[in-house]
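Reader: I'd like to go through this one with you and ask where the labels come from. Can you show it to me?

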Amino acid sequence: MVPAEIVSTRSARRLKRERFEGLLRAHESRLRRLCHGMLTDRTRVDDVLQEAFIKAFRKLPPSFDSPAHESAWLYKIVYRCCLDELRRARRHRVTAPLHEPVDDAMERARSSLSITRALQELTPEARAAVLLVDLVGFDYRTAAAALGVPEGTVASRLSNGRARLHELLGEERRDQ
């Protein structure tokens, strides 16, 4: 016979794992886009996401006030792991390779590459704000919670990031 506390512990672990898997299913593709936008190297993206998911699983609280708090919590972990990776890369002078377009849709690939290059010119903070609001679709409040900053800071970073992107992409279009 198995003691009640062992059964209870196993049940709690199973419920936590199921809850976490549901959370990942709901957000994984957008988390991957955020991470790829921050890092641009698929191998680094996979490593950073794995690190973030392990941290998130270990720190998963019993409940959240709302689904927005839940997603902001998860995005904050991924964002911080991306920043950690960027710092590590800077220390080791690792540069992310930019993948040159090779398929038939050359113009679309060229445009995507231009945007990727322009995003890399932004500070990590501005890049994260642009990606969370414009790519993931967060409102300012949720993005602020994910980044751990006030809403006004998100608005400022977003405004600066968008202006810089416009400047960079505008210059590039004139050069072509």
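Author: What follows is a set of questions about the labels, with the values behind them. This is a predicted model, where local features need pLDDT of at least 70, side-chain atom pairs count only at pLDDT 80 or more, and totals for chains, interfaces and linings use all residues. Residues are numbered from 1 along each chain as its sequence is written, and side-chain values use heavy atoms, with hydrogens and water left out.

Reader: What makes up the secondary structure of the protein chain?

Author: Seven helices and zero strands. Along the sequence that reads α-α-α-α-α-α-α. Helices here are DSSP runs of H or I with at least four residues, strands are runs of E with at least two, and the numbering starts at the N terminus.

Reader: How do you know that Phe 53 is buried or exposed?

Author: Buried means under 20% relative accessible area, exposed means over 50%, and partly exposed is in between (1.4 Å probe, protein chains only). Phe 53 has 12% relative accessibility, so Phe 53 counts as buried. Phe 53 lies in helix 2. Leaving aside neighbours within four places in sequence, Phe 53 is in contact (heavy atoms within 4.5 Å) with Phe 20, Leu 24, Glu 28, Leu 31 and Val 78. Take Glu 28: Phe 53 is 25 residues from Glu 28 in sequence, and their C-alpha atoms are 9.8 Å apart in space.

Reader: And what about Thr 142, buried or exposed?

Author: Thr 142 comes in at 11% relative accessibility, so Thr 142 counts as buried. Thr 142 is part of helix 6, residues 140-147. Its contacts, apart from neighbours within four places in sequence, are Ala 68, Ser 71 and Ala 72.

Reader: What makes Thr 123 get another label?

Author: The relative accessible area of Thr 123 is 44%, so Thr 123 is partly exposed. Thr 123 sits in the loop between helix 4 (106-121) and helix 5.

Reader: Why is helix 5 called mostly covered?

Author: Helix 5 spans residues 124-136, and ten of its 13 residues are buried. Among them are Pro 124, Ala 126, Leu 131, Leu 132 and Val 136. Helix 5 is followed by Gly 137, which has a positive phi, near 95°. For the whole protein chain, buried residues make up 38% of the 176 residues.

Reader: Why are helix 2 and helix 3 called oblique?

Author: Two packed helices are described by the angle between their axes and the distance between the axes. The axes are lines fitted to C-alpha atoms, for helices over the stretch in contact, and angles run from 0 to 180 degrees between N-to-C directions. Under 35 degrees counts as roughly parallel, over 145 as roughly antiparallel, 65 to 115 as roughly perpendicular, and the rest as oblique. Helix 2 (residues 42-59) and helix 3 (residues 67-91) pack at about 135°, with axes 9 Å apart. Helix 2 and helix 3 are therefore oblique to each other. The contact includes Val 48, Ala 52 and Phe 53 of helix 2 and Leu 74, Val 78 and Cys 81 of helix 3. By class, the contact of helix 2 with helix 3 has 13 nonpolar, no polar and seven charged residues. In that count Ala, Val, Leu, Ile, Met, Phe, Trp, Tyr, Cys and Pro are nonpolar, Asp, Glu, Lys and Arg are charged, and the others, Gly among them, are polar.

Reader: What about helix 3 and helix 6, why are they oblique?

Author: Helix 3 and helix 6 pack at about 45°, with axes 7 Å apart. Helix 3 and helix 6 are therefore oblique to each other. Their contact has Ala 68, Ser 71, Ala 72, Tyr 75, Lys 76 and Tyr 79 on helix 3, and Thr 142, Ala 145, Ala 146 and Leu 147 on helix 6. By class that contact has seven nonpolar, two polar and one charged residues.

Reader: Where do helix 3 and helix 5 make their contact?

Author: Their axes come within 11 Å and cross at roughly 145°. The contact is made by residues including Tyr 75, Tyr 79 and Leu 83 of helix 3 and Pro 124, Ala 128 and Leu 132 of helix 5. By class, the contact of helix 3 with helix 5 has eight nonpolar, no polar and three charged residues.
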